[in-house]
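Subject: Structure handover and findings

Dear colleague,

Please find the structure below, together with its sequence.

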Amino acid sequence: MAAPTLEPVEEEGCAGRTATSGVEAALPSDPAALAPLCPHGPTLLFVKVSQGKEEARRFYACSACRDRKDCNFFQWEDEKLSEARLAAREAYNQRCQPPLSRTQCVQRYLRFIELPLTQRKFCRSCQQLLLPEDLGGHGGHQLLADISITQLRRPSQLLYPLENKKTNAQYLFADRSCQFLADLLSILGFRRVLCVGTPRLHELIRLTVAGEKANMKSLLLDIDFRYSQFYLEDSFCRYNMFNHHFFDGKAALEVCRAFLQEEKGEGVIMVTDPPFGGLVEPLATTFKKLIAMWKEGQSRDDSHKELPIFWIFPYFFESRICQFFPSFCMLDYQVDYDNHALYKHGKRGRKQSPVRIFTNIPPNKIILPTEEGYRFCSLCQRYVSLENRHCEHCNSCTSKDGRKWNHCFLCNKCVKPSWIHCSICNHCALPDHSCAGPKEGCFICGGLDHKRNACPNSATSKRTSSFCLLQKRFPVSSFLGASRDRSEVDI
């Protein structure tokens, strides 16, 4: 699950950024209060922000869907609902769930694999494995016959990707990136992989039955209920990574807990590929809950250890991710996707994939393939892209996008080759940028040394979450009937 179609944006000081209004995630006034439920689990609390100032009323909305056409849940934080409306909402949430329970899916799967090859059919129209008694209801549908065990082990090739970028953004790893990840995990010695939104990697690990990776196993957590019909309970849990919600309740949560705590938590890593349009803070909050679940199985002597993580996300979110996980660093490896027109390996300049791997594993332990255009920097003690040259002034290989960056002595840092120093803005930006309005720093006071969430002039900065980089991509109108989609800001 990955990228919606977008062009790279900047992590700091977006040139020409004029939008100072948007929607931010917020902390509830009462920490003990339970969030109302939508079909995708507990909702998230949001606040509208205009010119750095919060509006008075806050509201709950769906954590997973960025378009109200896909989930129209909306409730003011202080709104009181009648018993009748609460009952109607609960009934609606139940109607929106998949028609088959997890147990029923497993039972059908076990029956399906026992069928003769000639009776194994898959309905592409309904995206469903068919038992003999189901055939009557699928007349005129597009059916695939003679479904082999090998095909069952690669469900992502049977299922249509959910490419609604406003809701699912289900773009799948290309074989090159998937094989690299699987090989790297094996080289690093991991025996268990918690795959959060990475179905292709989950499939590849399970397909590998020989060599060093024979002892590696994985558990897939994904919101796509269609995978329920291909896996037993110990291999797949339907899960919303934006609110840490297990759709099948405590039983699924305990499957995840047991997987993380097996062998006292040794030899496990989490690999996650969230939708890029999602807010970073809810994701970070969820991942910290998974980390806490893993830590429950640790002894006191191991309390200093961290759960190894690969978080796959665009490079322009580096500062946001490192804000929540200071031990993370970004690798230069470019992750590409099969069913995405732009995020492909081999492209150059601005057309390269902006997707990278963020990890708390020391970068000197991670070898990137030289045949794909990576080299080892002896000064940085890590692998970098060929065009990512070491800057003697910054004492680092500074490029984020694979191109050679230039050092600006006025900004005292390296910047993109297409940027020039603006004497009016007093920082580097695109030549045709707009100098009007705040370009970087704090939206409240204009200070360049901090962001809005750390502004000393904001009385609410400690209880609300700042998403300055996402404000333009999540306009206020998105919660009033329009899309919560992202817009292109900078290339």
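Of the 491 residues of the protein chain, 53% count as buried, where buried means under 20% relative accessible area, exposed over 50%, and partly exposed in between (1.4 Å probe, protein chains only). This is a predicted model, in which local features need pLDDT of at least 70 and side-chain atom pairs count only at pLDDT 80 or more, while totals for chains, interfaces and linings use all residues. Residues are numbered from 1 along each chain as its sequence is written, and side-chain values use heavy atoms, with hydrogens and water left out.

The protein chain has nine helices and 25 strands; these are DSSP runs numbered from the N terminus (helices H or I, at least four residues; strands E, at least two). Contact here means heavy atoms within 4.5 Å. Among contacts between residues at least 6 apart in sequence, 63% join residues at least 24 apart.

Nonpolar cores

A nonpolar core is a set of buried Ala, Val, Leu, Ile, Met, Phe, Trp, Tyr and Cys residues joined through side-chain atoms within 4.5 Å. The largest one has 81 residues, and Leu 185, Leu 194, Leu 201, Phe 310 and Trp 311 have the most contacts inside it. Helix H8 (residues 280-295) gives the most to this core, with eight residues. A second, separate core of 13 residues includes Ala 26, Leu 45, Val 49 and Ile 223. Leaving out residues up to four places away in sequence, Leu 194 touches, among others, Leu 219, Leu 221, Phe 259, Ile 269 and Leu 290.

Helices H5 and H6

The axes of helix H5 (residues 175-187) and helix H6 (residues 199-207) come within 10 Å and cross at roughly 55 degrees. The axes are lines fitted to C-alpha atoms, for helices over the stretch in contact, with angles from 0 to 180 degrees between N-to-C directions. Cys 178, Gln 179, Leu 181, Ala 182 and Leu 185 in H5 meet Arg 200, Leu 201, Leu 204 and Ile 205 in H6.

H6 is mostly covered, with seven of its nine residues buried. Its buried residues pack against helix H4 (155-158), H5, strand E10 (192-196), strand E11 (217-222) and strand E14 (268-272).

Individual residues

Cys 408 is found in strand E22 (residues 406-408) and is buried, with a relative accessible area of 10%. Beyond four places in sequence, Cys 408 touches Lys 413, His 421 and Cys 428. Cys 408 and His 427 are 19 residues apart in sequence and 9.1 Å apart in space, C-alpha to C-alpha.

Ile 367 lies in the loop between strand E17 (355-359) and strand E18 (374-377). Ile 367 is exposed, at 53% relative accessible area, and is in contact with Phe 180 and Tyr 383, leaving aside neighbours within four places in sequence.

Most residues other than glycine have a negative phi. Gln 381, in the loop between E18 and strand E19 (382-385), has a positive phi near 60 degrees and is partly exposed at 40% relative accessibility. Asn 395, in the loop between strand E20 (390-391) and strand E21 (396-397), has a positive phi near 55 degrees and is exposed, with a relative accessible area of 57%.

Yours sincerely
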